[in-house]
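User: I would like to learn how to read charged side chains in a protein model. Can you take me through one?

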Amino acid sequence: MRHLWLGASALVLLAACAEAPQQAEVDPYAPQADAEGLIDAHFSDTYREHLRTLSSDEFEGRAPGTRGEELTIDYIAGIMRDLGIQSFTNEDYTQPVPLVRIAPSRVTNMQLEHNGETSELTYRSEMMGWTNRVVDGVTVENSDMVFVGYGIVAPEFGWNDYEGLDVEGKTVVMFVNDPGYATQDPELFNGNAMTYYGRWTYKFEEAARQGATGAIIIHEDGPAGYGWGVIAGGSPVRFTMKTENNNMHRVELEGWVTADSAEKLFANAGISLAEAHELALSSDFAPVDLNTSMSMIVENEFSYLDTHNIVGYIEGSTYPEEHIIYMAHWDHMGVDPISGEIFNGAQDNATGTAALLSMAEKFAAGETPERTVVFAFVGAEERGLLGSAWYAENPLMPLGKTVAGFNMDMFYAHGPVRDFVVVGWNNSNMQDFAESHVIAQNRYMSPENNPEAGIFYRSDHFSLAKQGVPVLYAKGGVDHFTLGREYGEREAAEFIANRYHKVADKYDPEWDLRGIHQDMWVFFRTGRDLANSRVWPQWATGNEFEAKRLETEDMRR
């Protein structure tokens, strides 16, 4: 089938080339071939310079609350002013995002009591624990532990692990991921593809809604998508948004335990880890008292800082309240406090930030769209998607009137590729609107190759999705146009292994950026189509974000 439509696209291309002068008069942005016959290999004359500048040493790794942030704001705001992009706020286009930095000064081991006998799980090697409450410390004493399966309440899937259970004062223990992954049953949740209910952030949020004191997730490499070192090997310093109640709506204690530690907990209830998995998947699951109480102390030092989103817009000519949002996170990890080395973040995410600037330039140079187009450079993504979360909770335009969102995060710079990879395949019909533009480039749409890892929930579009906005998060993949898939896979693997979130993620003037230019065309054309239409994209029926979108249905009539 793929070869059939590639052939058809080639015929369309030949016809377009034969009538180039006439077609150019109708649509100056119609697909074009370069000298090598590659479709849409160039989108922006300024893209490379934006990328080089933003990832230069001068910008000091673009960390929130630093000189690097100030330079980034000046650079982006200056370009938007020159383009005539309008601001929602001030001449710097900034939306302040108040953050709290929480650094644990003392974390005890987890003390356990079972039938009068005490034991403990060691901090970092056997468990991790923290609090996101903005307080000097929390002390959990003798909190009864209860196993709640996957810790999920999903009405659209007919699933409620907390049904009939009162967990006030208790610590809930649960598996990561969701039943679909565990069974590989495509009819259960989303099968192998993780839903939001499998994401660890959801499980902590649900535990808080249920009134639990503590929430502990069992780590297993497969369903988590990473090893224990990712949980315990990084910095314990956490960042959170500043809230009026100092995050007192969160559980007192959040954390993880290793699978071996969980085995010990289940033994206190007379079951094994394997048997717990079976129980969690049974249709008549009931929470299991682990016959264990838990005690733990976390003491904090915290400080406040502001970072910023940088947001501008082109007002729609006909339907100004209806709007498209293009977004990319401008921040990275700054300067290593010990070595002084700079985390330049060239691919993550100067590539996306430069693309968003180029997108603004293209829209500003063309006819005013019927709907408003918003350009949101969000901050603190590397701190936990905090800038986009703040925007989603404090939108500058009503999210019920948001037509769709596009997220550009960490493009590969290894040349033109045939595959356009959609993260969150079939979550919504957003990919359908992009498909014709992908095919016109002699390319094909492709799902991500590891949907069980839940990548959809780990970039800024997710903040909009949680509020019901249909979003597209996609990028060029690894099937190189001339060098093949093996080359692309090798280049991508090298980046992840040696440069991702490392000081080696630096700009290379020899980078082949044609693949990124291809992707920018797809994003631009798809957004332009939606901005000049009466279409409202929709979530797939039964998707976990559909209900939130339907709450604002009256705003779109």
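Analyst: Start with the elements. Helices and strands are DSSP runs, numbered from the N terminus. E322 sits in strand β14, residues 319-329. Keep in mind that this is a predicted model.

User: Is E322 buried or exposed?

Analyst: Buried means under 20% relative accessible area. E322 has 8% relative accessibility, so E322 counts as buried.

User: Which residue meets E322 in a salt bridge?

Analyst: Side chains of opposite charge can pair when their charged atoms come close. Here E322 and R371 form a salt bridge, at 2.8 Å from N to O. R371 is in strand β17 (residues 371-378), so the pair ties together parts 49 residues apart in sequence. R371 is buried too, with a relative accessible area of 0%. The side chain of E322 also makes a polar contact with the side chain of R534, at 2.7 Å.

User: What about a salt bridge within a helix?

Analyst: Take E206 and R209, whose closest N and O atoms are 2.9 Å apart. They are three residues apart in helix α6 (residues 200-209), so about one helical turn separates them. E206 is buried at 6% relative accessible area, whereas R209 is exposed at 54%.

User: How many salt bridges are there?

Analyst: The count comes to 19.

User: Where do negative charges gather on the surface?

Analyst: Patch residues have over 30% relative accessible area and no salt bridge. D260, E263, E275 and E278 form a negative patch on the surface. Helices α9 (259-267) and α10 (273-281) each give two or more residues to this patch. E278 lies in α10 and is exposed, with a relative accessible area of 59%.

Terms used:
Residues are numbered from 1 along each chain as its sequence is written. This is a predicted model: local features need pLDDT of at least 70, side-chain atom pairs count only at pLDDT 80 or more; totals for chains, interfaces and linings use all residues. Side-chain values use heavy atoms; hydrogens and water are left out. Patches are made of residues with over 30% relative accessible area and no salt bridge: like charges are joined within 9 Å, nonpolar side chains (Val, Leu, Ile, Met, Phe, Trp, Tyr) within 5 Å. Accessible areas come from the Shrake-Rupley method with a 1.4 Å probe; for residues, only the protein chains shown count as cover. A salt bridge is a side-chain nitrogen of Lys or Arg within 4 Å of a carboxyl oxygen of Asp or Glu. Lys and Arg count as positive and Asp and Glu as negative; His and the chain ends are not counted. The place of a charge is taken as NZ of Lys, CZ of Arg, CG of Asp or CD of Glu. Helices (H or I, at least four residues) and strands (E, at least two) are DSSP runs, numbered from the N terminus. Buried means under 20% relative accessible area, exposed over 50%, partly exposed in between (1.4 Å probe, protein chains only). A polar contact is a pair of N or O atoms within 3.5 Å; within protein, one must be able to donate a hydrogen and the other to accept it, and residues adjacent in sequence count only if both atoms are side-chain atoms.
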